[in-house]
Amino acid sequence: MRTVRTTFALFVLIALISGCATTGPGGERSLILIDTPTEIQMGLESDRGIRAEYPVLQDEALASYVREIGAAVAAYSSRTDVEYTFTVLDSDVVNAFAAPGGFVYITTGLLALAGDEAEVACVLSHEVGHVIGRHSVRSMQSAMGMQVAAELVLGEDNAAWGQVAGLGAGLFMMKNSRDHEFQADQFGVKHAVMAGYDPDGMIRFFEKLVEMHGSGPGGVAGWLSTHPDTNERIDRARLEIETYDMNGHPRNRHTDRYLSRTTSLRG
Ligand SMILES: [Zn+2]
């Protein structure tokens with residue numbers, strides 16, 4: 001049994017080690033107890049679980065094309081202490097998500113729905129935004145409680161890691177909060193613009209989601225299983241895009257290239 005005082009000392013210690021990290025698009029900072037090495041270890045655990053549960057796309061040419069799009073937007077990420085990996089899962093479910101530590105996943109169902117490279121760039125950029133915002137770690141910290149999070153970092157308690165394993169797939173599928181979604185959308189627009197992509201790709205993709213499922217946060221995984229209404233995300237993304245001076249700025253969509261390289265998905 002740990003006393004209140006040692007628990008408190010533990011928090012102070014962890015706060016000193018981990019401290020704050022810049023997590024918001026406007027430079028906002030948050031208290032992060034789960035440090036990057038621990039986050040990456042969690043990401044590796046999740047990645048193993050995801051690969052055991054979902055088939056990874058075997059089409060290497062298409063997979064590497066998607067990795068290139070991801071790398072183009074991730075190149076502008078302000079978070080450089082993780083490596084970004086982009087994995088295509090062979091599933092008809094329209095979904096994309098980020099596990100802790102820079103692991104990003106996108107389904108063939110989503111790639112088939114997207115109409116150009118800019119739409120995919122915006123989706124991947126949104127997921128990179130979750131990584132920058134350390135959203136999975138922050139959700140975990142609140143779900144597990146700060147003490148368990150602290151014990152993970154100190155590695156002194158195997159029960160804490162047991163709890164992580166217990167959360168299993170729920171860890172990375174964890175519903176992001178409303179604020180986290182809006183933040184990720186902001187990062188998504190920002191990095192798409194920086195990479196020379198048409199930021200309206202985000203709007204176009206949202207509109208396809210609305211067309212498919214309606215605008216409410218219905219019973220769909222990932223991208224749609226969010227608190228914010230998709231129409232509200234469209235409105236806010238439009239306002240965000242207006243804050244950028246797009247005069248003379250490229251708005252690449254690479255539609256032909258996209259459609260030819262993803263033909264196999266629309267068989
Ligand atoms: Zn999201």
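## Helix α5 against helix α10

In this predicted model, the axes of α5 and helix α10 (residues 178–194) come within 7 Å and cross at roughly 125 degrees. That angle makes α5 oblique to α10, since angles from 65 to 115 degrees count as roughly perpendicular and those over 145 as roughly antiparallel. The crossing in which α5 passes α10 is right-handed.

On the α5 side, the contact is made by Ala118, Ala121, Cys122, Ser125, His126, Val128, Gly129, His130 and Ile132. On the α10 side, the residues are His180, Gln183, Ala184, Asp185, Phe187, Gly188, His191 and Ala192. Sorted by class, the contact of α5 with α10 has eight nonpolar, eight polar and one charged residues.

## Helix α5 against helix α11

Helix α5 (residues 117–132) also meets helix α11 (residues 200–213): their axes come within 8 Å and cross at roughly 90 degrees. The two helices are therefore roughly perpendicular to each other. From α5, the contact uses Ala118, Glu119, Ala121, Cys122 and Val123. From α11, the contact uses Gly201, Met202, Arg204 and Phe205. By class, the contact of α5 with α11 has six nonpolar, one polar and two charged residues.

Asp200 is found in helix α11. Is Asp200 buried or exposed, or something in between? It has 19 C-beta neighbours inside 10 Å and so counts as partly exposed, because a buried residue needs 20 or more. Asp200 and Ile234 are 34 residues apart in sequence, while their C-alpha atoms are 9.8 Å apart in space.

## The nonpolar cores

In soluble globular proteins, nonpolar side chains tend to be buried together. In this chain, the largest nonpolar core has 45 residues. Ile106, Ala121, Leu124, Val128 and Ala192 are the residues with the most contacts inside that core. Which helix gives the most to this core? The answer is α5, with nine residues.

A second, separate core has five residues, among them Ile32, Leu33, Ile34 and Val137.

Val128 is one of the residues in the contact of α5 with α10 and is also listed for the largest core. Leaving aside residues up to four places away in sequence, Val128 touches Val73, Ala74, Ser77, Tyr84, Val104, Phe187 and His191. Of these, Phe187 and His191 belong to the α10 side of the helix contact.

## Two loop residues with positive phi

Arg134 lies in the loop between α5 and α6 (135–144). Phi of Arg134 is near 50 degrees, a positive value in a residue other than glycine. Arg134 has 24 C-beta neighbours inside 10 Å and therefore counts as buried.

His254 is found in the loop between α12 (230–242) and α13 (255–261). Phi of His254 is near 45 degrees, again positive in a residue other than glycine. With 16 C-beta neighbours inside 10 Å, His254 counts as partly exposed.

## The chain overall

The secondary structure of the chain comes to 13 helices and five strands. How many residues are in the chain, and what percentage of them are buried? The chain has 267 residues, and buried ones make up 42% of them.

Among the contacts in the chain with a separation of 6 or more, 70% are accounted for by residues 24 or more positions apart. The contact between α5 and α10 described above includes pairings of the two stretches 117–132 and 178–194.

Conventions
Residues numbered from 1 in each chain as written. Predicted model: local features only at pLDDT ≥ 70, side-chain atom pairs only at ≥ 80, totals over all residues. Axes fitted to C-alpha atoms, helices over the stretch in contact; angles between N-to-C directions. Helix = DSSP H or I, 4+ residues; strand = E, 2+ residues; numbered from the N terminus. Parallel < 35°, antiparallel > 145°, perpendicular 65-115°, else oblique. Contact = placed C-beta atoms within 7 Å. Nonpolar A, V, L, I, M, F, W, Y, C, P; charged D, E, K, R; others polar. Left-handed = near helix turned anticlockwise from the far one by under 90°. Core = buried A, V, L, I, M, F, W, Y, C linked by C-beta atoms within 7 Å. Buried ≥ 20, exposed ≤ 12 C-beta atoms within 10 Å, placed from the backbone.
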